[in-house]
Structure formats: C-alpha cells, structure tokens
Amino acid sequence: MFRLPANLSGRSYALLLVILALAPFILEWANQPFYLDLLSRALILGIAAISLNLILGFGGMISLGHAAYIGIGAYCVGIPSYYEYYNGWLHLALALSVSAIFALITGAISLRTKGVYFIMITMAFSQMVFFTFLSMEEYGADDGLVIYSRSEFPEWLSMDSGVSLYYWVFAMLLLSLMFTHRLVHARFGRVIVGSRFNEQRMQALGFNTYRYRLTCYVISAMMCSVAGMLFGNFAGFISPDIMGWARSGELIFMVIIGGVATFFGPLVGTIVFVMLEEFLSAITVYWHLIFGVMLVALVLFGKGGIHGWLSSWDRKGADHG
Amino acid sequence: MDWNLLVTQLMNGLQLGLLLFLLASGLTLIFGIMDFINLSHGSFYMIGAYFCGTVVAKSGSFITGVIVGLIGVFAVGALVEWLIARKLYRKDHLDHVLVTFGLILIFDTLVHLLWGASGMAIPLPDVLNGQLSFGGLVLPTYRLLIIVAGLLVAAILFILVTKTRLGMLVRAGASNRTMVEALGVNIDRLFLVVFALGAAMAGLAGMLIAPITEASIGMGNDIIIVAFVVVIVGGIGSVKGAFYAALIIGLIDTLSRSYLDRLLMLAMPSNYAETAAPALSAMLIYILMAAVLAFRPQGLFPIAGMK
C-alpha cells in the first residue's frame, strides 16, 4: 500500500542534515578539503535528484531526460559569463526562466503521451538539447566551455570560496526539500499523487490532471536548473556531456537507491552514489561493473531502496500494512 | 549541384537507414511483444563488432567472423533473456530502464576488461576494400555491400514474419499477447527466440559498421537512441514501420547534415544559416519524433489490433 512518507523530522534524517550543516567545519578540522568538494558535488546532484523524484516518484512520470535541465542551468551561467555578464541574479533568473519555458513546451507535448512513450519522448527532447549544445561551436561544442569566474552576488551572498559555495548548495538543498514537502502535502500534491495511481478517478473528481502534471513538470525542471546553475559554478567547466542520456539514467539510479517518493531518499541515494563512485573508481577502473551489478540486483531483489531498509528497521515488530 | 556528392550522400543515408533497421527491428519486436524497454540493445551492437573483430583477427576471414559473431551474439542475447529480461516483463517500465541501464554498464566494462580500452580495427579483405565505378560515379564496394546485406536481411525478416509459423506467432504476440498465451503457445520459448534474434540483428549491424568506424566501447549507446526514435516513428511492434522509418530517418539525418545550410540560406543571411544548420540538423529527427508522438502517437505504420 502506498502512503505518504513520514514527516520531515525523521530522527536519522534530522541527524543527516545537522551533519551536512556542520560538514565544512568537520572537514576543516580533519583537514580534508577534498571531501568538501565531493560533498558539494553530491548535494548539487542531490537537488537534481530531489527535483526528478517530484515527477518520477510522486507523479509517476518517468523522465529519461532530466539531465537536460542540469545542462540548461549550467549553460545559463556559462554563456552569459562568456560575454562577461557575471551577475548571479541574472544567471539564476535565466536558468529558471529558460528551463521553465523549455519544460512548458516539451512537457505540454510529452504529457499527452503515457508510459513507454513518455520515457522515450523525454529522452528525445533531452537529446535535442544535447545535440544543440554539441553543435554550438561558439560555446565550445563538445570541447566544453570554461567558466572563469563564479556568479557574482552581493558580498554576504558571495559564492567565491569553497565553503560559501557549499552553503549556497546546502541552502538550495534545504529549500528544495522544504518546497517538495510543502508541495506534496498541499492539495496540489494530493492531486499529483492521486493521478499517479488513478488518473481517471482524479478526473472524475473534477481535476484537470493534465494541467496539474504539466505544472509539476515545470516546477521540477526549474528546480533542476538551479542544480545546473550551481553545477556550472562548482565545476568551472561545462560540456554537453553533463546532459547526455546516461546522466539522466544516473539521476534515476540515485533516486531509486535512496527510495522513490520519499523526501530524503533522493538525497541519501545521491550521497551514496557519489561516494561509491569516488571510492570504487579509486580501487578499480572497472568500477562500472560493480555499479551495473548493483543496479540489476537492486531491481531484482531490493525493496524500496535505502529508505525502505531504514524504515523496515524502524518498523521491526510494529504493524506494517 | 554536385550530383556525385548527392549520390554519395543518398548512399550514406541509405546505409545508415539500413543499419538503423537492423537495430530497430529487434527492438520494436521486443518492445511490441514483451512490452520490454531494452536500453541495452545497443550493447549487442557493440558485442557483435568485438566478436567479429576477434574472429577476423584469428581466422583472417571476414565471413567467418560474421558467422561466428552472429552465433555468439545470439547466445549472449538468449542468456540475457533467460537470466534477466524474463523476470522483468511483468514489472513496470521504470524497472526495465534501470536494469537495462545497469546492463549497459556491465557490458561496457566487460568489453573493457576483455579487449582493453582502445578500439579494435577490423581489416577488410581486398575484394571489399576497393571501389566500383558506374559511369562517372565511384562508390566504395564495402558501402554497397552494407546496403545489399541490409536489404537482404530485411527481405529475409519480412518472409520470416509474414510467411512462417514463427512469424505468425510473433505477429499474433505483438497484437495480443494474452490471446496467444491462452491458445497454448509456449510463450517463454517464443520470447527467448525473438529476443535472441533481435540481439543477433543488432550484432550484425555492429559487425557491418565496425570495419568503417572500428569497434569501440559504448559505440551502441548513441545509435540506440536513434533506433528508439525509429521504433516510435514506425509504430511499436511493427517491422514494416521500422523499415520505412529507419530509411526516412537515415536519409533525413544524412542529407540534412550536408544540405540544410544551403536550404536555410534561401531564407536567411548565410552566416546565420551556417550557425543554425548544424544545430537544426541534429535536432531534426527528434522534432520528427515529437511531431509523430503529438499527432499520431501510434506511429506512422502501426500494426493492426495493437492496443
């Protein structure tokens, strides 16, 4: 049976947030600046995974093209910077509006389809974006684009140092977690979750499910573009590679490891994914093999991802319906 | 107008179209009959190329390489169906995407383990390496061979699907799987054969292209997306649809790359046209797919009775 996941203040997750909030200090004290970089990357991808989970987990819309919005967000930093427009608000506004427009157009077409067709059409649209950037010689094409300086914000909001960028990412992460939570528990979210399970019933209740889903799709895309905007700043180098369809597959993987349709699942999944990637690739060049086997095993034998295991520990002995 | 160039480009488009058909025909059947999304279908394309290349290097004969490679890919396909895909048909599409994405990682790494990270060149026998000239036209023999081979396989597949008992079951399965099962057909075996045959055809496409591009890790991961576009445009489950759609998309993709800039120059200043053309030509097939999905979601050549 599906039920809305427990509220935001699950104890283990609260602890996780505290650790993440203190991470720069802990890592500074341990003299491990490298891990702050790794964690920043994980949290940026975490925002993307949370945004994907909104449509994929709660809405049941399986998008295999979500990485396109990371790309759009990143190039909304890269291209203005190329012309020496460094204003951060401009970058953010561009990322949000370009992704919203693109999501509105492609979503309006994609959401007319269902199931397999939706998966394929989202992938096709993301390939379209991919090839567009791939063919733009002016912005580096497949050689990529170097972003020489980070988006400029007022002094107290600056993201120039590693730690301040980390807190930017962390703040955006908190924002997207809270936003998702509010959204899913509001009437809007009930309609989205409801139409995932029985669209006809929601329509019979008088909801225009198409509009709700489209709105949800656009919101998710905008959220993801923020992750892209942060990624552009974080990496300092972007190429179409960040929005290839394999990236979109990885995003789905992150959501699934953590647990679909849960609030913290995508975040935990992403952190696990990025850490595994880091440690496994240090051990062997063949680490993709381990990832592949994990993916297959997760689907064939796993239940509900990490969140599922955690909550089955929590519920041990208790009644679970 | 350079007619020689036009003919060459038409041949290239035809060649791409036929390779796409070899990939998409298996994909569309697996899609239509088992309702299974196989992202890792492109891995068979890669494995075919590596099998063939290895045998060619050992035996020195391209034909032997192709035959042994076909048997090898058929076996790998059967194994994947039996061990993994079979357990997933009744699960939802998200599970298909995840598992087959995992399979791509597994196959790519296994190829890396077995054959190393650098690509593998496949030498062609001298007979195939030359050129044929027709009047003023000079065409590479091997490209002609790909086209002939592609058309031949397409013809065999048509006969197989329309004239044989296996084909009858395949068509029946694509229209109404439940009914076929209810009539007492051994559906497990049918699925196994369809899956492995699809894999072998994808493998053949890989073997045919490898002497031109050489075999490399992940070579199937881009073309498989285009093959999915073919499947959607042609109509899921329809081999005939896959054939026409593959040719249309092969030609559009090839011709737009070389002629779109000139076409755009008629409508806009040439420097804009030169910038816009590459982007637009890369997007064209996806725009086609989006248009098909928006206005004719069942595809251009849907099979009768498909839900």
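Trainee: What makes the radius of gyration of chain B agree with that of a compact globule?

Mentor: In this predicted model, chain B has 307 residues, and because a compact globule with that number of residues would have a radius of gyration near 19 Å, the 20 Å of chain B agrees with the expectation. Along its principal axes, the C-alpha trace of chain B spans about 60 × 50 × 35 Å.

Trainee: How many of the residues of chain B count as buried, and what does a residue need in order to count?

Mentor: A residue is called buried if 20 or more other C-beta atoms lie within 10 Å of its own, and 49% of the 307 residues of chain B count as buried. As for contacts in chain B between residues at least 6 apart in sequence, 78% of them join residues at least 24 apart.

Trainee: Which elements make up the secondary structure of chain B?

Mentor: Chain B has twelve helices and two strands, and, read along the sequence, its pattern is α-α-α-α-α-β-β-α-α-α-α-α-α-α.

Trainee: Why is helix 6 of chain B called roughly perpendicular to helix 7 of chain B?

Mentor: Helix 6 (residues 141–163) and helix 7 (residues 165–175) of chain B pack at an angle of about 75°, with their axes 5 Å apart. Angles of 65 to 115 degrees count as roughly perpendicular, and therefore helix 6 of chain B is described as roughly perpendicular to helix 7 of chain B. Where they meet, B:Leu160, B:Val161, B:Thr162 and B:Lys163 of helix 6 face B:Leu166, B:Gly167, B:Val170 and B:Arg171 of helix 7, and by class this contact has four nonpolar, two polar and two charged residues.

Trainee: How do you know that the buried residues of helix 7 of chain A line one face of the helix?

Mentor: The buried residues of helix 7 (residues 187–197) of chain A are A:Gly189, A:Val191, A:Ile192, A:Ser195 and A:Arg196. Seen down the axis of helix 7 of chain A, these residues fall within an arc of 160°, so they line one face of the helix. The face turned away from the buried side carries the exposed residues A:Arg187 and A:Phe197, while the cover over the buried residues includes helix 2, helix 6, helix 8 and helix 9 of chain A.

Trainee: Which residues of the two chains count as being in contact, and how many are there?

Mentor: Two residues are in contact if their C-beta atoms lie within 7 Å, and in this sense 37 residues of chain A are in contact with 34 residues of chain B. The largest share of the side of chain A that touches chain B, 14 residues, comes from helix 5 of chain A.

Terms used
Residues numbered from 1 in each chain as written. Chains lettered and ligands numbered in written order. Predicted model: local features only at pLDDT ≥ 70, side-chain atom pairs only at ≥ 80, totals over all residues. Helix = DSSP H or I, 4+ residues; strand = E, 2+ residues; numbered from the N terminus. Rg over C-alpha atoms; globule rule 2.2 N^0.38 Å. Buried ≥ 20, exposed ≤ 12 C-beta atoms within 10 Å, placed from the backbone. Axes fitted to C-alpha atoms, helices over the stretch in contact; angles between N-to-C directions. Parallel < 35°, antiparallel > 145°, perpendicular 65-115°, else oblique. Nonpolar A, V, L, I, M, F, W, Y, C, P; charged D, E, K, R; others polar. Arc of directions from axis to C-beta.
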